[in-house]
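We will go stop by stop.

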Amino acid sequence: MSAPGENLRINSARLWDSLMEMAKIGPGVAGGNNRQTLTDEDAEGRALFQSWCEAAGMSMGVDKMGTMFATRAGEDPEALPVYIGSHLDTQPTGGKYDGVLGVLAALEVVRTLNDLNIKTRHPIVVTNWANEEGARFAPAMLASGVFAGEIDLDYAYGRQDLEGKTYGAELERIGWKGVEEVGARKMHAYYEYHIEQGPILEAAEKSIGVVTHCQGLWWLEFTLTGKDAHTGSTPMAMRVNAGLAMSRIFEMVQDVAMKNQPGAVGGVGQVTFTPNSRNVLPGKVVFTVDIRTPDQAKLDAMRAEIETRATGICAELGVGCVIDPVGHFDPVTFAPELVANVRTAAERLGYSHMDIISGAGHDACWAAKVAPTTMIMCPCVDGLSHNEAEEISPEWAAAGCDVLCHAVLETAQIVG
């Protein structure tokens, strides 16, 4: 086995062209993408990705959750594969790079190895995990969660979008329900490359984020039940106002997060009012509280306090309150040996780097349950993500892909 030389670099123009080509599918309204999971646009993106993988000599497998696995054969038939990837699905107002960079950079690694006729002992598998975002079907990282044995397959199939359509039915509809049992594949290791989705790397003027940990999170879905009533003719003292209870819970979540500084966050990103009319007090409000921290004790304490205080707020107002935990994973410590590979690769290639904790959840968090795992991050402009204005530079994209290539080769082991 030989180590990759410092002159080994990926084809940065080809990587960027692939990103721009994929971005044509499911365009947003402001320069980004709306390619939500299991939509027709998702199916189109998958088909393009499959065609590129097959052109690169890889064989495609798909599991029963719709996750795609493109395999480049290794020289040792007994060696477990090294997996690399991320996701192609986007937020409703998503950018062109969140998730997509990790999938297409993984493809670029394989294309580069093909160009240079580099063979590896271990097979390399380029992965497109299904429903990472959770924007349409909660929870996020649904398919990788089933793969890791942390989420039940039937539960995943039954998840509904806002129109009542189920994951299982939509997966069948777009034609991407595979035959592989979910989680049957065994991994030697897993690498995931992603934009930071935060401002730290850009502010520090570092090209590479060496990801050592990932925050744990809880998504707590609240269903508050009050009484529909006319906003003008219902006396204040006679209201059962689910909207008022919601607003007080929002303030309380902010308070809990601030009390747990440093290293904790909490907020709400999605709210559904019923009947959602100007002059009708809502009889029902559904929203999801998102809390995160890399500290397990803080995570547990924040959830407990939020649930206790929310129940009290609703009781005081006469509002019904049901809390459903729809997403969760504990804080993750990534594999030290793979983290070291990433750090060594960045140093070998002369890229500035720093250790970083991922503030967002990723499929790597579930992969870490079943195999040694780590992540690589590149900066994004102003830390902006989950927004159509999300932006990175071709140079940032290429630097992280170079590091990914070197780190993967360290694990997959060059032959010859």
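Predicted model: local features only at pLDDT ≥ 70, side-chain atom pairs only at ≥ 80, totals over all residues.

Is H386 buried, partly exposed or exposed? Select H386 and show its surface. H386 is partly exposed, because its relative accessible area is 40%, and buried would need under 20%. H386 sits in the loop between β16 (373-378) and α12. Check its backbone too: phi is positive, about 55°, although H386 is not a glycine.

**Next stop: M141.** Here is another positive phi in a residue other than glycine, near 50°. M141 lies in the loop between β5 and α4. M141 counts as buried because its relative accessibility is 4%, under the 20% cut-off.

**Stay in that loop and select P139.** P139 also belongs to the loop between β5 (124-128) and α4 (142-147). The peptide bond from A138 to P139 is cis, with omega near 5°.

**Now show the second largest pocket.** P139 is among the lining residues closest to its centre, along with I151, G327, H328 and W366. The pocket holds about 210 Å³ of space, and 14 residues line it. Colour the lining by class: 11 residues are nonpolar, two polar and one charged. Then highlight β8 (216-225) and β13 (320-329), the elements that give two or more residues to the lining. β13 gives the most, with five.

**Move to the core.** Select L104 and I392. These two have the most contacts inside the largest nonpolar core, which has 106 residues. Helix α12 (residues 394-412) gives the most to this core, with 12 residues. What does L104 touch, leaving aside its neighbours within four places in sequence? Its contacts are L15, S18, L19, M22, F49 and W52. A second, separate core has 25 residues, including L224, V253, F287 and I291.

**Select residues 215-310.** UniProt lists this range as "domain: Peptidase M20 dimerisation", in an unreviewed entry.

**Go to P262.** It is found in the loop between α8 (242-259) and β10 (265-274). A cis peptide bond joins Q261 and P262, with omega about -5°.

**Last stop: G164.** Look in the loop between α5 (153-158) and α6 (167-173). G164 is partly exposed, at 37% relative accessible area. Draw a distance to G94: the two C-alpha atoms are separated by 22 Å, and the residues are 70 apart along the chain.

Definitions and conventions
Residues numbered from 1 in each chain as written. Heavy atoms only, no water. UniProt positions renumbered as here; feature names shortened; annotations may be inferred. Core = buried A, V, L, I, M, F, W, Y, C linked by side-chain atoms within 4.5 Å. Buried < 20%, exposed > 50% of the residue type's maximum accessible area, 1.4 Å probe, protein only. Helix = DSSP H or I, 4+ residues; strand = E, 2+ residues; numbered from the N terminus. Contact = heavy atoms within 4.5 Å. 1 Å grid on protein atoms, 1.4 Å probe; cavity = no way out; pocket = protein on both sides within 12 Å on 5 of 7 lines; lining within 4 Å. Points joined across faces, edges and corners; volume = space filled by probe spheres on them. Nonpolar A, V, L, I, M, F, W, Y, C, P; charged D, E, K, R; others polar.
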